[in-house]
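Hi,

Here is the structure I promised to pass on. Please open it alongside this note, and my findings follow below.

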Amino acid sequence: MRLHNQVAIVTGAASGIGRACALRFAEEGARVVVADINGSELDATVGLIRAAGGEAVAVCSDISKEEDARRISQAAVDSFGGLDILVNNAADFTTFSVEDASMENWQRVLGINVIGTAMVAKYAIAHIKARGGGSIVNVASTSGVLAQHNFATYNSSKGAILTMTRCMALDLAPANIRVNSVSPGCVITTATEREWIRMGLTREEWTVSAAEEHMMKRVGEAHEVANAVLFFASSEASFITAANLMVDGGRSAW
Ligand SMILES: NC(=O)c1ccc[n+]([C@@H]2O[C@H](COP(=O)([O-])OP(=O)(O)OC[C@H]3O[C@@H](n4cnc5c(N)ncnc54)[C@H](O)[C@@H]3O)[C@@H](O)[C@H]2O)c1
């Protein structure tokens, strides 16, 4: 098992990519603290992990609130005695052009995706240092490097995650903490479901149109992203830090 004896936090674990990461980590032997603002679906994630024989605890939390961010790491210490791995996956999907976005739109998306991510990491770092090192994986996006119509708010937040990842990697290398990011292409989750409803498309119509943007002519699945996150989290990536891995079926390369 690749994460035997490891304790991991996964934020945004009530659905989609975060739930897939939490399940995959538990399969590989990690004890997992799952965090999300959606308490009922978060409990469902814990139920799935326990039903498969794994260990998990839920922390219902809003990562844009500093006290909630602190509670997530504290739960790892209280429930499992420490912390080795943090997956910063929770995100808001506020998408507007600069012309249309209000101050509230910017404060929401940056408050969750950038400042919330930073606050969760801030409180996790001390505990990972106490173990003598570990791994942090930030979930960015192809949107962090691509221009898309009316996505300036969300894409700016993901660009910030890519830069924050490299800065964290530099600051934390002396503490033996590796920091990397994965950048998914289009993956079917509750987030993309909201997107096709917003666009007035059916799931089938959205999937066909989104698939066209990828070299592989299909969209991704959450478990395919989870496998990349697992790689960075595990000792198989022991000499990799400050890296960003595109998990995007070639979307960003053409
Ligand atoms: N699905 C895609 O196509 C895609 C593509 C690229 C990147 N991503 C990234 O993958 C990650 C996961 O997205 P997903 O597609 O699984 O979406 P999702 O909506 O299924 O999951 C996101 C989770 O984050 C939680 N969340 C939102 N705001 C929160 C807050 N303030 N505090 C705590 N939890 C909060 C939500 O409740 C939700 O469970 C995000 O970082 C997203 O930007 C997704």
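Around the ligand there are 29 residues, and those that come nearest are S15, D36, Y154, T189 and T190. Please keep in mind that this is a predicted model. By class, the ligand's shell is made up of 15 nonpolar, ten polar and four charged residues. Helices α1 (16–27), α5 (152–172) and α6 (190–198) each contribute at least two residues to that shell, and α6 gives the most, with four.

The side chain of D36 has an N or O atom 2.6 Å from an oxygen atom of the ligand. For K158, a polar side-chain atom lies 2.8 Å from a ligand oxygen atom. I17 takes part through its backbone, with an N or O atom 2.8 Å from an oxygen atom of the ligand. On its own the ligand has 810 Å² of accessible area, and the protein covers 93% of that.

I also looked at helix α3, residues 66–80. Its 15 residues should span 21 Å at 1.5 Å a residue, and the C-alpha atoms at its ends are 22 Å apart, which agrees. Which residues of α3 are buried? They are D68, A69, I72, S73, A75, A76 and F80. An α-helix has 3.6 residues a turn, so residues three or four places apart point the same way. The buried residues of α3 pack against strands β1 (7–11), β2 (31–36) and β3 (55–60), and against helix α4 (103–130). After α3 comes G81, with a positive phi near 85 degrees.

Best wishes

Notes
Residues are numbered from 1 along each chain as its sequence is written. This is a predicted model: local features need pLDDT of at least 70, side-chain atom pairs count only at pLDDT 80 or more; totals for chains, interfaces and linings use all residues. Side-chain values use heavy atoms; hydrogens and water are left out. The expected span of a helix is 1.5 Å times one less than its number of residues. Buried means under 20% relative accessible area, exposed over 50%, partly exposed in between (1.4 Å probe, protein chains only). Contact means heavy atoms within 4.5 Å. A residue is near a molecule or strand if one of its heavy atoms lies within 4 Å of it. A polar contact is a pair of N or O atoms within 3.5 Å; within protein, one must be able to donate a hydrogen and the other to accept it, and residues adjacent in sequence count only if both atoms are side-chain atoms. Accessible areas come from the Shrake-Rupley method with a 1.4 Å probe; for residues, only the protein chains shown count as cover. Ala, Val, Leu, Ile, Met, Phe, Trp, Tyr, Cys and Pro count as nonpolar, Asp, Glu, Lys and Arg as charged, and the others, Gly among them, as polar.
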